[in-house]
Amino acid sequence: MFPKENEHTEYKRELTDNIKKEVIAFANTNGGSIYIGIADDGTVIGVSDSDQTMLRLASMLRDSIHPDIMMFTDMRVEQIEQHDVIHLTVASGTNKPYYLISKGLKPSGVYVRQGSASVPASPEQIRQLIKTADGDVMEDNISLNQELTFQKTTAIFAAKGLQLANEQKFSLGLQRHDGVYTNLGLLLSDQCPFTIKTAVFNGTNQKNFQDRREFSGPLFSQLEDCYAYLQLNNPTTAEFSGLYRNDFKAYPDDALREALLNCIIHRDYAFSSSILISIYDNRMEFTSIGGLMPGLEKADIMLGISLCRNPKLANIFYRLELIEAYGTGLPKIKNAYSLNADQPDFLTAPHVFKVILPRLEKGPLYVKDTPISPEEQTLKFIQAQKTVTRKDVEELLCTSTSTATRVLLTLINQGHIHRTGRGKQTKYIFNG
């Protein structure tokens, strides 16, 4: 009789479907041997047709286990006590976790070895296997959910004239070469488990709650839906300059957009906590999970230095023209408030980054409570930038196209600036 089973040895009286979980367990742990033709108590029984049994075994492993396990297995017939016994050797695999194709990447499909037993892996064990095999880059790791669809993301790509077929999924990092989805794919899928939570409060603290929303779905849906909600809470006020009405928003559109994009692109998705946006009477706070990347300080990022936690996600946002370049978001927020007394604030902690946008109570520009007209504000801006577009002025003033056009025409008539180009190429230049 053979010794008893242990963490590296398993006996099987005959070939059954159950052997697949033993192979997976050995490959996911430290390897081991399986003997077909030996009973659990070590009694040698043998197999009647070793060649046919080996063919069935090879077919079973090749068709039922993913990733391909065959390169980590070796099977041969051994003569033990005058019986044919199949000895299957399984090495520890390098593409963990291995799992049953029919079950997927969940405990019912992933097995590990514990003592002399092969048991379902816990979700935490599965995550650890992925991390060990793939490294610590969250967006590159295998998604635990492989039943993913991409209706929203495909529509976003199509709107930009881009495809999202399997070839693009692989090149962008949503899928591996073997067709397995990554966590980046999970983030952009319709099944994305992460959310953005928003809350509106009456007053300047959290005592008086007014409204709450949670945005889910693929990141692009969260971006669109949350931004629309922020605009609902971005009231417009009006001031008159003679006969003309000027509309001003409480928060610059550019600042809201960049703060929201910063949260989504740079958050640490290794944590399950949601992005939090709190709206008070005097400010908006954007709280994202994930502090500064190692080696960076607050002063670095304010100068536009960027070390992206999710570079492949950022690259996709760049391709879709949602961001202009890496590292420009926070400087653009500062620029939106560049001539205001109340400035945005940026707070950091080991695992948190917060952007605080002050509300502009009296219009886009008040310095020491002394109002500056839209024309003066625009002229100072063009003087500093030398060349601007009408869109730049719209964002500066947080106003409409017609108001921005009127302000620019006034400055042209006063001789302060001149216009060059036509259509989309039109620019306004300071006469200095």
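Which residues lie nearest the centre of the largest pocket? Met-138, Asp-268, Tyr-269, Ala-270 and Phe-271 do. The views below come from a predicted model, in which local features need pLDDT of at least 70 and side-chain atom pairs count only at pLDDT 80 or more, while totals for chains, interfaces and linings use all residues. Residues are numbered from 1 along each chain as its sequence is written, and side-chain values use heavy atoms, with hydrogens and water left out.

**View 1. The largest pocket has a volume of about 850 Å³.** A pocket is an open set of points on a 1 Å grid over the protein atoms alone, with protein on both sides within 12 Å along at least five of seven lines. Lining residues have an atom within 4 Å of a point. Grid points are joined across faces, edges and corners, and the volume is the space filled by probe spheres set on them. The lining holds 31 residues. Helix H3 (123-134) and H6 are the elements that give two or more residues to this lining. The largest share, 5 residues, comes from H3. Helices (H or I, at least four residues) and strands (E, at least two) are DSSP runs, numbered from the N terminus. By class, the lining has 15 nonpolar, 10 polar and 6 charged residues. Here Ala, Val, Leu, Ile, Met, Phe, Trp, Tyr, Cys and Pro count as nonpolar, Asp, Glu, Lys and Arg as charged, and the others, Gly among them, as polar.

**View 2. The second largest pocket has a volume of about 660 Å³.** Its lining has 26 residues. Nearest its centre lie Asp-254, Lys-332, Lys-391, Asp-392 and Glu-395. Helix H13 (390-397) is among the elements that give two or more residues. H13 gives the most, with 5 residues. The lining divides into 8 nonpolar, 6 polar and 12 charged residues.

**View 3. The second largest cavity has a volume of about 40 Å³.** A cavity is a set of grid points where a 1.4 Å probe fits but cannot get out. The count comes to 2 cavities of 30 Å³ or more. Residues lining the second largest cavity include Phe-194, Leu-219, Arg-267 and Ile-275. Its lining has 6 nonpolar, 2 polar and 1 charged residues.

**View 4. Leu-357 and Phe-286 touch the most other members of the largest nonpolar core.** A nonpolar core is a set of buried Ala, Val, Leu, Ile, Met, Phe, Trp, Tyr and Cys residues joined through side-chain atoms within 4.5 Å. This core has 58 residues. Helix H8 (residues 253-266) supplies the largest share, 8 residues. Apart from this core lies another, of 25 residues, among them Ile-24, Val-47, Phe-72 and Leu-88.

**View 5. Helix H4 (residues 151-159) has Thr-153, Ile-156 and Phe-157 as its buried residues.** Buried means under 20% relative accessible area, exposed over 50%, and partly exposed in between (1.4 Å probe, protein chains only). Seen down the axis of H4, the buried residues fall within an arc of 95°, so they line one face. The arc is that of the directions from the helix axis to the C-beta atoms. On the other side, Gln-151 and Ala-159 are exposed. Just after H4, Gly-161 takes a positive phi of about 75°.

**View 6. Ser-189 sits in the loop between H6 and strand E9 (196-202).** Ser-189 counts as buried because its relative accessibility is 0%. Leaving aside neighbours within four places in sequence, Ser-189 is in contact (heavy atoms within 4.5 Å) with Leu-148, Thr-149, Phe-150, Gly-217 and Pro-218.
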